[in-house]
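Subject: Structure for you to look at, with notes

Dear colleague,

I am passing on a structure that you have not worked with before, and I would be grateful if you read the notes below beside it.

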Amino acid sequence: MTDIPKTAETAEDATVLMSRIAGHQDRQAFEVLFAHFAPRVKAYMLKLGTADALADELAQETLLMVWRKAEQFDRAKASPSTWIFTIARNLRIDAFRKISRPELDPNDPALVPDPEEAQDDRMNRLQRARAVREAMKTLNDEQAEAVRLSFFEDLSHSAIAERLDLPLGTVKSRLRLAFARIRDAIGEDLK
Amino acid sequence: MTVQHHIPDETLLSYAAGDLDDATSLVVAVHLALCPACREAIDVASDIGGMMLEDLAPVAMSGDALAHVLARTETAAAGERPVPMTTSQSSSPAASFVFPEPLRSRIGGDLDNVKWRRIGPGVQQFVLPCADGASQARLLKIAGGQGVPEHGHTGEEFTLVLAGGFSDGSLAFARGDVEWADPDVVHRPVADDGDGCVCLAVTSGPLQFFDIIGKIAQRVIGI
Ligand SMILES: [Zn+2]
């Protein structure tokens, strides 16, 4: 019966799976998505020092949240892997804190809306994710290391400085340069 | 008015990575609500996270993980934390909110609901509850023409304007603008004449005041 993608290897296929889940509560699509992402979310939790059982539990929780929030997944806003990353990140933080992570509310009437022209000028989000991937390859080793430590070691700037035995300012400037480089590469011209 | 003074890029990156303490995350999130440009930057930073997640070597899930999750998709989310949809239902008309989310949720209301405490001439504060002690977040209400006593920091300081404005030397800060100061900076923000200024200030490490009144204030009120 199915035109459901067999894997979620590509962002396009994962996007199709997401819309099947959102539109039809499609369990088969969810199983395919789960097979791809749950083991990666678990790996992410483990990398950040979470014990095995909790890592498994948080990965389950993340995918459950993907099911429940599927209708909020807005393909114009993020690629599926980016969206799932943000859910996993927040669940991990919330598991260790009494107050949930401060996040903006996109429906808040007090939110200052995006400028009109930005809506169509913006690169398609899947293209953008691809461009970010390409741009990451152009970072030098030091910049890439600083970015990796930020995402996978849960280290503050000063903790990274300590780990690498560098002045704090050097760490900040590596991160700043890495980020600037990525944003340049995808043609963002902010600020 | 477009925001002129932003959260530093490396702090945005760390927010996306999930490395910031609670109070610093709060000031970033509130700035994001007021600054479309930084929201764009955060989307890009989050793409880095998505890409890194994608590239991780998968680790096998426990045998019954999928079955567990599928079983839970059947049940309504009863008793579980609801997905944070909009928390903005309120009798107040939209335009009248001074505090954007997630600040309103944190204090349980808007500007009118803040229980201010006077800490010096023309200066009131409200200390916000935070999930960890790494940094402190507080609201400051400074009367027009008044300044926070000159101070340096042992850590970073972010000051986000929510209403009114202030100036520090030659720089002017209005709603949405953030002044960032590192431990080397000694500064003295002064609230604009007229209505003064309401801001969200986040500091890591205690402030260091340089005049005698500041020192006493520090001892007595523990800011
Ligand atoms: Zn900004």
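Buried area, as used here, is the accessible area (1.4 Å probe) that two parts lose on being put together, summed over both. This is a predicted model, in which local features need pLDDT of at least 70 and side-chain atom pairs count only at pLDDT 80 or more, while totals for chains, interfaces and linings use all residues. Residues are numbered from 1 along each chain as its sequence is written, chains are lettered from A and ligands numbered from 1 in the order in which they are written, and side-chain values use heavy atoms, with hydrogens and water left out.

The two chains together

Between chain B and chain A about 7,100 Å² is buried, and carbon and sulfur atoms give 61% of that area. On the chain B side, the residues that lose the most area to chain A are Glu10(B), Leu53(B) and Met61(B), which together make up 10% of what that side buries. Counted as contacts (heavy atoms within 4.5 Å), the interface brings 81 residues of chain B against 79 residues of chain A.

The interface also holds twelve salt bridges between chain B and chain A, a salt bridge being a side-chain nitrogen of Lys or Arg within 4 Å of a carboxyl oxygen of Asp or Glu. In one of them Arg97(A) pairs with Asp132(B), and the closest N and O atoms are 3.5 Å apart. Polar contacts were counted as well (a pair of N or O atoms within 3.5 Å; within protein, one must be able to donate a hydrogen and the other to accept it, and residues adjacent in sequence count only if both atoms are side-chain atoms), and between chain B and chain A there are 28 residue pairs of this kind, both residues at pLDDT 80 or more.

Helices here are DSSP runs (H or I, at least four residues), numbered from the N terminus. Those of chain B that give two or more residues to the side touching chain A are H1 (9-17), H2 (22-34), H3 (36-55), H4 (65-74) and H5 (103-107). H3(B) gives the most to that side, with 19 residues. By class, the side of chain B that touches chain A has 45 nonpolar, 15 polar and 21 charged residues, where Ala, Val, Leu, Ile, Met, Phe, Trp, Tyr, Cys and Pro count as nonpolar, Asp, Glu, Lys and Arg as charged, and the others, Gly among them, as polar.

Within chain B

Chain B is divided into domain 1 (9-79) and domain 2 (103-221), with bounds that come from an automatic or database domain assignment. Their contact takes ten residues from domain 1 of chain B and 20 residues from domain 2 of chain B. About 1,200 Å² is buried between these two domains, of which carbon and sulfur atoms give 72%, and in domain 1 of chain B the residues Asp22(B), Leu26(B) and Val27(B) lose the most area to domain 2, together 41% of what that side buries. The count between the two domains is one salt bridge, and the side chains of Asp22(B) and Arg106(B) meet in a salt bridge at 2.9 Å, N to O. H2(B) gives the most to the side of domain 1 of chain B that touches domain 2, with eight residues.

Within chain A

The domain assignment of chain A gives domain 1 (11-100) and domain 2 (120-186), and 23 Å separate their centres, taken over C-alpha atoms. In chain A, 14 residues of domain 1 are in contact with ten residues of domain 2, and the area buried between them is about 920 Å², with 58% from carbon and sulfur atoms. Two salt bridges are found across this interface. Arg130(A) forms a salt bridge with Glu12(A), with the closest N and O atoms 3.0 Å apart; this pair links distant parts of the chain, as Arg130(A) lies in helix H6 (residues 125-136) and Glu12(A) in helix H1 (residues 11-24), 118 residues apart.

Confidence

On the pLDDT scale (the predictor's confidence in each residue, from 0 to 100), chain A averages 90, and 92% of the residues score at least 70. Confidence in chain A is highest in helix H2 (residues 27-47), at 97, and lowest in helix H5 (residues 118-121), at a mean of 58. Where pLDDT is low, the predicted coordinates should not be read in detail.

With best wishes
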